[in-house]
Amino acid sequence: MSLTQAHHAFAAVSQEGLNEALAAFFSARPHYLHYGSPPFVVASSVTTTLIDPIPFPNTPGGISWAVDFSVPAVDLFPADGALPPPLTLVAGQLALATTVDLTIGCRLSEDPKGRVVPLRTALPVVAVGHPVSRFFSPGVGDISFTVDAVSAQGVAPGSLEALLECLVRMMLNAFLEDVRLPFDLIDAGFFKLALEEGPLVADDQITLRGDVS
Amino acid sequence: MTSDLVAAVDETAANVLLHAAEAALGTRSTSGSSSLGPFGVSYSAAVSFSGGTVRLVAPGTVAIDGLRIDYSLSLTLSIDLSFLDFCLPRICIPTPFGDICTPKICITFPTISVPVSFSDHAKVSGDFGLDVTLSSGEWVVDVVIQQVRAIDLGTAATLLLTAIGTAISVALLAVPFIGPLLALAVGIITAAFGIAEVTGLLAAVVNVFMAGLRFEVYRHAQTFAALPAGGPFDPAVDVTLASVTAEVQASDENELVLSADI
């Protein structure tokens with residue numbers, strides 16, 4: 001079977017290529033992985049994103065917090081190994097593994113100065129999602145990723161696990177929306193792709209098909 | 001092992017890329033010399049390429065049929081008219097006062113330059129290979145001529161032969177003392193070459209442009225901004241293409257495949 005099939009042009013990024021591209025993205029723009037309020041994050045920059053503390057009554061300055069993700073490792077269908085239940089990977093999907101460091105500023109009891117100490121937990125999570133594309137004109141388009149489900153293992157009780165999984169899914173989707181791989185990267189600039197099919201996930205690669213102009 | 005990035009086009013899309021490469025090549029020009037029968041010819045020529053139909057042949061041949069070459073020729077024929085040289089012998093007429101003689105008169109004819117301008121097109125079929133280079137920080141993929149299979153000059157040789165004949169007649173009219181010899185000169189000169197020689201001249205000029213002909217189908221910076229800078233906290237995301245390869249892959253349809261590793 002030809003690569004282009006019923007179309008005239010084909011472009012694909014392999015699992016390794018996708019992880020290389022994501023590494024390049026987060027290396028250049030690490031602030032998409034690091035969020036928090038003072039004192040953990042004091043200003044928005046290339047490396048971090050400053051967000052207000054969580055306001056709460058009778059807590060001067062609010063509750064300080066931080067969330068840090070490791071660079072996600074993507075596994076394109078078919079899965080390289082078993083996923084944590086209940087996750088499964090089917091054609092068209094990708095798995096994404098990352099570690100979420102959740103930190104809160106724990107206020108010291110009876111401390112008149114209101115000092116806080118960081119309390120941190122590292123939560124390995126695996127997510128399943130799918131790529132989505134935007135196409136504007138030949139050669140102008142991109143793909144990004146949407147997370148459908150998250151599994152955080154070893155959290156009890158189950159209700160806390162569900163809460164954390166929902167929280168992480170929302171946060172992942174929030175920053176993945178800004179992680180966009182342009183067509184020009186995927187086709188290595190060989191042509192200006194007019195997207196007709198894709199993105200599809202199969203055989204450890206994401207494929208696009210269409211015409212050229 | 002799968003490459004990080006793979007881009008492929010079928011023959012239909014390869015035609016699109018080729019025609020874009022032809023347009024990008026623009027007009028090429030050269031000058032040189034050749035011969036037309038016994039006469040020397042200097043020429044300057046400008047050509048442009050368009051059209052043609054791509055056939056992809058694994059593992060690395062891009063065959064192009066019917067590649068159109070539009071050319072404009074400026075020929076200058078150098079014609080030595082010394083074959084017309086003649087002398088009027090000395091003639092003496094006896095008279096009572098002695099012989100009256102005419103001087104011996106010799107007429108020598110110069111070498112004349114005959115300019116001819118001519119434009120037409122040819123169609124060439126040839127086989128091209130793939131050439132991948134990394135030059136000055138840019139990956140370049142060219143299709144490079146390997147062999148010319150056929151040159152179709154159409155009716156150009158006949159038209160050029162006529163144009164040359166006309167140009168010669170005009171040029172000879174300006175030669176002093178040639179009046180009575182004009183028809184003879186035209187006849188001798190035009191008989192010195194024919195359609196075969198003109199065809200050979202045109203083919204030689206076309207081949208000058210075909211030699212080493214390459215069309216650039218891909219050029220890309222080795223390190224490039226996959227994402228441009230997007231704000232104070234979003235610098236450009238640079239990606240480096242560590243390797244690039246190009247080949248023709250055969251399956252149920254042949255495809256030109258470019259592979260790259262990040």
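Residues are numbered from 1 along each chain as its sequence is written, and chains are lettered from A and ligands numbered from 1 in the order in which they are written. Because the model is predicted, local features need pLDDT of at least 70 and side-chain atom pairs count only at pLDDT 80 or more, whereas totals for chains, interfaces and linings use all residues; side-chain values use heavy atoms, with hydrogens and water left out.

We begin with the cysteines. Across all chains, the search returned two disulfides (pairs of cysteine sulfur atoms within 2.5 Å). One of them joins B:C87 to B:C106, with the sulfur atoms 1.8 Å apart, and this link is right-handed, with 105° about the S-S bond. B:C87 belongs to strand β6 (residues 86–88) of chain B and B:C106 to strand β9 (residues 105–107) of chain B, so the bond ties together parts 19 residues apart in sequence. Helices (H or I, at least four residues) and strands (E, at least two) are DSSP runs, numbered from the N terminus. Both ends are partly exposed, B:C87 at 40% relative accessibility and B:C106 at 41%; here buried means under 20% relative accessible area, exposed over 50%, and partly exposed in between (1.4 Å probe, protein chains only).

The bond between B:C92 and B:C101 likewise has an S to S distance of 1.8 Å, and with 110° about the S-S bond it is right-handed. B:C92 is partly exposed at 35%, as is B:C101 at 26%. With the bonded cysteines of chain B numbered in sequence order, the pairing reads 1-4, 2-3.

Turning to charged side chains, eleven salt bridges were found over all chains, each defined as a side-chain nitrogen of Lys or Arg within 4 Å of a carboxyl oxygen of Asp or Glu. In chain A, one of these pairs A:D142 with A:R180 at 3.3 Å, N to O. It links distant parts of the chain, 38 residues apart: A:D142 sits in strand β8 (residues 140–152), and A:R180 in the loop between α2 (158–176) and β9 (181–182). Both partners are buried, A:D142 at 9% relative accessibility and A:R180 at 17%.

In chain B, B:D127 meets B:R149 at 2.9 Å, N to O. B:D127 lies in strand β10 (residues 111–135) and B:R149 in strand β11 (residues 138–152), so this pair connects parts 22 residues apart in sequence. B:D127 is buried at 14%, while B:R149 is partly exposed at 35%. These two residues also belong to a salt-bridge network with B:R55 and B:D65.
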